[in-house]
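Please read the following short report alongside the sequence and the coordinates.

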Amino acid sequence: MTSVRQDEPVRPTKRDEVAAAGSELVGGPLGRRALLGTHWLTPVRVVALVAIGMFALGMVQKLPCYNGGWFFGATSQYTHACYSDIPHLYAGRGFADGLIPYFDRLPGDMEYLEYPVLTGVFMEVASWMTPSAGTIQDREQIYWLVNSGMLMVCAAVIAVCVARTHRRRPWDGLLVALAPAFALTATINWDLLAIALTAGGMLMWSRSRPLKAGMLIGLATAAKLYPVLLLGPLLVLCWRAGAWRAFGKAAAGAVGAWLLVNLPVMITHDATGFHIREGWAKFYTFSQERPIDFGSIWLLISQRTGNPLENANTYATLLMLVGCAAIGVLTLYAPRRPRFAQLAFLVVALFILTNKVYSPQYVLWLTPLAALARPRWRDFLIWQACEVMYFLGIWMYLAYTGSGDKHQGLPPEGYQLAIALHLLGTLYLCAVVVRDILMPERDVVRRDGDDDPSGGVLDRSPDVFVLGRTYHPPRHAVHFEGAPRVRWGVVRD
């Protein structure tokens, strides 16, 4: 096979028709004689600046709520689609009163903060930077601004990590930076903290630093539960490649980092011995006991059939297990070992599709993974369009249910359509990724001559355990004959 320069950067405007058309806004595609690498404004810096700019636009979109929608009117924050948990939970979870998360009991039904420990620390630090003087409205506004500033840093970190994970494809970070659903949902909740740590973990894995990768994934799991799912794809990929030592380091780092954060809050001691602190366990008990809620397939089925689906927990768990088994078989059967980013996207998408609730900000979990798994603007924007429609749909539905007899907003049938769009958009992107796994010649990353740039120790490693046939040239690849090829299973020079 012909050799490929592994240091030559990939130019999306030469590979992607949507990127080429979009580049006309800034002067068009790069020419043959363009001089690259001589300006301080490198691709990674451009991606970071664009991410910060889009985040700022997302903050501007929240202005109607900042100026009153969060505080006045039953449905104003919904009709303007600018709702955020952050100002409401400042008082609702005791931060305004100086209560310590997980240790001090809250008034009302919740009793304790229902977020993982590292997210609770993030919320507490922001409360320290919020003045204790002034009206509660002023303090909630400042609390949102402080959190937004901290989350903006997280957004820039995510974009930079995505841009650097695939060394030859830094411009793929623009998929994250320009994602409309990313800007719209970034300040609804505190999810960006866990996503930034997850993106950092994937970057470290791509640099063949499994221990640091595992530590960052462990910290991410201490901020949100879903990042622990990435250890599943790593397990199966390392099984196929025989890279057990790397997986062991990553798993040990994840467990160690998670325990380091959680143990000081998790364990309490009294005269009868050591116990699990009730405040620490609230996140897990709340997740288990929570009924089916907004955005989930279970709510769609329940509303259409009138069945309350009291066993949704069991159904969701079974579907998740069956889906994970299917992903494992796909990994071992595929003609070429799947890329880490592909499997990471599939397992997190499976978790979202089968979960009892789909909050609008959960799209943030998938956005960086989608940019790495399928860096193709057309597919990415189709999925983003579905997510933006769901974002608008849920707020209009809440406006409908909250406006009493006026019923101003989106009725249940319209909201069910929005849920279906979200599900179909996510399933579409999953189907494209699965196709790329089964037909590696269709994978846009591999068509440019790479193997698994996010795979770290797995990149270009030979397989030691395979269920299906190993890679072979495609029989019908007329459209890809001009694409560069890479020789699988060889050591990089």
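## Positive phi residues

Arg-460 lies in the segment after α22 (444-447); helices here are DSSP runs of H or I with at least four residues, strands are E runs of at least two, and both are numbered from the N terminus. Although Arg-460 is not a glycine, its phi is positive, about 65°. Its relative accessible area is 6%, so Arg-460 is buried (buried means under 20% relative accessible area, exposed over 50%, and partly exposed in between, with a 1.4 Å probe and protein chains only).

Ser-208 is another residue that is not a glycine and has a positive phi, about 60°. Ser-208 sits in the loop between α11 (191-206) and α12 (210-221). With 37% relative accessibility, Ser-208 counts as partly exposed.

## Basis of the model

This is a predicted model, in which local features need pLDDT of at least 70 and side-chain atom pairs count only at pLDDT 80 or more, while totals for chains, interfaces and linings use all residues. Residues are numbered from 1 along each chain as its sequence is written, and side-chain values use heavy atoms, with hydrogens and water left out.

## Helices α19 and α20

Helix α19 (residues 363-373) and helix α20 (residues 377-402) have axes that come within 11 Å and cross at roughly 175°. The axes are lines fitted to C-alpha atoms, for helices over the stretch in contact, and angles run from 0 to 180 degrees between N-to-C directions. The crossing makes α19 roughly antiparallel to α20 (over 145 degrees; under 35 is roughly parallel, 65 to 115 roughly perpendicular and the rest oblique). On the α19 side, the contact is made by Val-363, Leu-366, Thr-367, Ala-370 and Ala-371, and on the α20 side by Phe-380, Trp-383, Gln-384 and Glu-387; contact means heavy atoms within 4.5 Å. These contact residues divide into six nonpolar, two polar and one charged (Ala, Val, Leu, Ile, Met, Phe, Trp, Tyr, Cys and Pro count as nonpolar, Asp, Glu, Lys and Arg as charged, and the others, Gly among them, as polar).

How many residues of α19 are buried? Eleven of the eleven are, so α19 is largely enclosed by the rest of the structure. Among them are Trp-365, Pro-368 and Leu-372.

## Gln-288

Gln-288 belongs to helix α15 (residues 278-289). Its relative accessible area is 52%, so Gln-288 is exposed. Leaving aside neighbours within four places in sequence, Gln-288 contacts Asn-313 and Lys-356. Gln-288 and Asn-313 are separated by 25 residues in sequence, with a C-alpha to C-alpha distance of 7.5 Å.
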